[in-house]
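Me: I am new to this structure and would like a careful look at a single part of it, followed by an account of how that part sits among its surroundings. Please take the time to connect the pieces.

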Amino acid sequence: MSRKTKNAVGSIIRVVILVFFFLLVVLPIYWIVITSFKASGEILDINNLTYFPKEFTWQNYTDLFEQFHYGVLLKNSVLVSVTSALVVTVFSMLGGYSLARYKFSGKQAVILFFLITQMIPGILVIIPLYIIFSRMNLINTHLGLFIFYVTVNLPFCVITMRSFFERIPVTLEEAARVDGCTKMQSLFKIVFPIMFPGIVSVFVFGFIGAWNELIAGSIFISTPEMWTIPVGLKTLIGKYNVEWGLLMAGGVMALLPTAIMFAVMQKFIVEGMTAGAVKE
Amino acid sequence: MKKKIEPWLFLFPVLLILLLLFGYPLINSVIMAFQNYKLTAPNDIYFNGIENFKKLAGDPDSLMILKNSFIYVFVSVIGQFLLGLILALALKKRFRGRGLYQSVVFLPWAFSGFVVGLIFRWSFNGEYGVVNNLLAMLGLTDTNIAWLGTPGFSLAVVIIAMIWMGIPFFAIMILAALQSIPSDVYEAADVDGCGTMRQFFQITLPYIKPTLITTTLLRTIWIFNSLDLVVIITDGGPANTSQTLPAYMYSKAFGSYDFGFAAALGVLLMVILGVYALLFLKVTKYDKAGDF
């Protein structure tokens, strides 16, 4: 084969692969979106499965808000996710700075400790926490859930933040100090602005981690007014009856914020995820 | 002196939170594994030695659940690894719209297990599911398959969902590693008349090996511990044939409120993961994975 034909064959294979993965991702998403716009009669029509709604309807969405009080779930999820992500971001900046800029004995042990926390099954921590939270009256409160989400999302975010700090040359900070900046000034005026995309992606990691969480939420929260989105939607899955129309609409609504965040921040998020793993 | 305290001062909030809310509960869990601890009988809590572990060994389902977990983890990791690698290789070369393409193809990373579980549970529904419909249209089947009601198939659906969800993570990691390979290495290989296949095995693979090892290790652990897909798609059914260890723990702890038994399961899970991590690092001769 000549070089030219070899390249052409290579490009065709690449296009086929890219199309395959595109369809692989898009088709399931298409399916949930399209189902959410069907009337329940059409969804449960055994003999006639439609690939596009015969009758396009917002019914599932209006039912979701009016009968299922989705607004309350949304408010709860936003509250818990935003506050926990904010706290995670601030603490990660502190911890990440320490691990990136200082040499001290015990540093390797701290990093190993973070790695070990990633190995522990979440459910093994949730069981005793349930008892501890019960004693402290934190069961069925957003505070309890907030504390839990901060805890589980911290290790990964600290390590990610560390690698963002490591990318900024120390000399930059030192130059600012020579020019008369205090440590805090050099951080706030020089380092943080450069790191802004990194800081935002750590926030997104914290947010998505809390927003998507189901198991701890359904264990710690019991009353409907306190439900987060996944916890509330899960109750639509009954033993004998599943409210598919409502579930699909709820699922789409749950995906939207994270999908938008990801699409907008893709470049930085990808950088954040890989920053620690791939040393350049 | 001040210099020595400073780094710990910055780390203090993180370490305090993790020790209090991760470390302390964990110690509690390990103790609980050796106790008769049922939430239904809060006044009857006492140490019972290795009773919970004996019960675990005598549980007719536990061997099957252990086997399910291994199949689930092994097939999911291999599937995500291979598909992620293929996607990353296809994305290596720049093309117009690559950023946009990545925003779509990497999306499942940002999705919750809960919604992904819903999508697959709905698609593989025995009566109204799109998968049965497609298979029938292609002439591959003439009766509906009860995917989620058939032992074997139900676990397969969970695995498919897990693979779908995890491809982006592998692809992102591998792509980043691929992009860090200096291009002149390939140019030199080209000049030497080194073929595509040989380039892949002799240049690309060795270069990205550390990333492959770290990613696979982290992902294996993560998949082993994850339970929301199982809980949403099959809830372990039918008759525990798609149950995995952490999902079983969940149902034992918050379905039958046997915290002691659930904790024993958790200790078993941790031991398996610990042994796995050590063996994995030994076999791959990799000692820097602690660096993430």
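Me: Why are Glu166(A) and Arg162(A) separated by about one helical turn?

Reply: The model is a predicted one, and what follows should be read with that in mind. Glu166(A) and Arg162(A) are four residues apart in helix α7 of chain A, which covers residues 142–166, and therefore about one helical turn lies between them. Their side chains meet in a salt bridge, with 3.9 Å from N to O.

A related arrangement can be found in chain B, where the side chains of Lys54(B) and Glu51(B) form a salt bridge with an N to O distance of 3.9 Å. Both residues belong to helix α2 of chain B, residues 51–58, and they are three residues apart, which is again about one turn of the helix. Glu51(B) is partly exposed, its relative accessibility being 39%. Over all chains, the count comes to five salt bridges, and the pairs described so far are among them.

Another of these pairs leads from one chain to the other. The side chains of Lys183(A) and Glu6(B) meet in a salt bridge, at 3.8 Å from N to O. Lys183(A) lies in helix α9 of chain A, residues 183–211, while Glu6(B) lies in helix α1 of chain B, so this pair joins two chains. Glu6(B) has a relative accessible area of 15%, which is under 20%, and so Glu6(B) is classed as buried.

Between chain B and chain A the count is one salt bridge, formed by Glu6(B) and Lys183(A). Helix α1 of chain B, residues 2–32, supplies the largest share of the side of chain B that touches chain A, namely 20 residues. On that side of chain B, the residues divide into 69 nonpolar, 17 polar and eight charged. Taken as a whole, the contact draws 94 residues from chain B and 97 residues from chain A, and the two chains bury about 8700 Å² between them, with 80% of that area on carbon and sulfur atoms.

Chain B has twelve helices and two strands, and from the N terminus on its elements follow the order α-β-β-α-α-α-α-α-α-α-α-α-α-α. The domain assignment of chain B gives domain 1 as residues 1–28 and domain 2 as residues 33–291, and the centres of these two domains, taken over C-alpha atoms, are separated by 31 Å. Along the principal axes, the C-alpha atoms of chain B fill a box of roughly 75 × 75 × 35 Å. Of the 292 residues of chain B, 55% count as buried. Among the contacts in chain B with a separation of 6 or more, 68% are accounted for by residues 24 or more positions apart.

Note on methods:
Residues are numbered from 1 along each chain as its sequence is written. Chains are lettered from A and ligands numbered from 1 in the order in which they are written. This is a predicted model: local features need pLDDT of at least 70, side-chain atom pairs count only at pLDDT 80 or more; totals for chains, interfaces and linings use all residues. Side-chain values use heavy atoms; hydrogens and water are left out. Domain bounds come from an automatic or database domain assignment. Contact means heavy atoms within 4.5 Å. Buried area is the accessible area (1.4 Å probe) that two parts lose on being put together, summed over both. A salt bridge is a side-chain nitrogen of Lys or Arg within 4 Å of a carboxyl oxygen of Asp or Glu. Ala, Val, Leu, Ile, Met, Phe, Trp, Tyr, Cys and Pro count as nonpolar, Asp, Glu, Lys and Arg as charged, and the others, Gly among them, as polar. Buried means under 20% relative accessible area, exposed over 50%, partly exposed in between (1.4 Å probe, protein chains only).
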